[in-house]
Amino acid sequence: MLVTLVALLCNGQVCMEKVVTNSEMSGITMTSCAVNAQIGIDWLSKGPYQAWHLQSYKCIAGKYTPKSSA
């Protein structure tokens, strides 16, 4: 089953969803996503979104298109 890890990032009042990874890219399962998701989101503190904060995250069964990209 395809699993997608999605993070909701906010900078002030502006928020956006970003796909962090999916099972095609990293081999995550629904269980590992639910248990270890924040480890996968660690790149935020080092990447281009370091000024943004993590509002929430979710593990989605299947392919997911972020709402900001739809």
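**Close-up views of the predicted model**

**View 1. Pairing of strands β1 and β3.** Strand β1, spanning residues 3-11, pairs with β3 in the antiparallel sense over eight bridges. Within this pairing, Ala7 has Tyr57 of β3 as its bridge partner. The coordinates shown here and in the other views belong to a predicted model.

View 2. Three strands in the order β2-β1-β3 make up an open sheet with antiparallel pairing. The edges are formed by β2 (14-22) and β3 (53-61), each of which pairs on one side only. From one strand to the next, the twist averages 25°. Helix α2, residues 30-40, packs on the sheet and touches β1, β2 and β3. The direction of helix α2 makes about 160° with that of β3.

View 3. Lys18 is located in strand β2. Leaving aside residues up to four places away in sequence, Lys18 touches Leu5, Val6, Ala7, Leu9 and Tyr49. With Tyr49, the side chain of Lys18 also forms a polar contact of 3.0 Å. Tyr64 is 46 residues from Lys18 in sequence, while the C-alpha atoms of Lys18 and Tyr64 are 9.9 Å apart in space.

**View 4. The salt bridge between Lys58 and Glu17.** Two salt bridges are present in the structure. In one of them, the side chains of Lys58 and Glu17 meet at 3.1 Å, N to O. This pair links distant parts of the chain, with Lys58 in strand β3 and Glu17 in strand β2, 41 residues apart. Lys58 has a relative accessible area of 29% and is partly exposed, whereas Glu17, at 9% relative accessibility, counts as buried. Side chains of opposite charge can pair when their charged atoms come close.

**View 5. The salt bridge between Glu24 and Lys63.** Glu24 and Lys63 form a salt bridge in which the closest N and O atoms are 3.8 Å apart. Because Glu24 lies in helix α1 (residues 23-26) and Lys63 in the segment after β3, the pair ties together parts that are 39 residues apart in sequence. Both Glu24 and Lys63 are exposed.

How values were computed: Residues numbered from 1 in each chain as written. Predicted model: local features only at pLDDT ≥ 70, side-chain atom pairs only at ≥ 80, totals over all residues. Heavy atoms only, no water. Pairing = 2+ DSSP bridges. Helix = DSSP H or I, 4+ residues; strand = E, 2+ residues; numbered from the N terminus. Axes fitted to C-alpha atoms, helices over the stretch in contact; angles between N-to-C directions. Contact = heavy atoms within 4.5 Å. Polar contact = N/O pair within 3.5 Å; in protein donor to acceptor, adjacent residues only side chain to side chain. Salt bridge = Lys/Arg side-chain N within 4 Å of Asp/Glu carboxyl O. Buried < 20%, exposed > 50% of the residue type's maximum accessible area, 1.4 Å probe, protein only.
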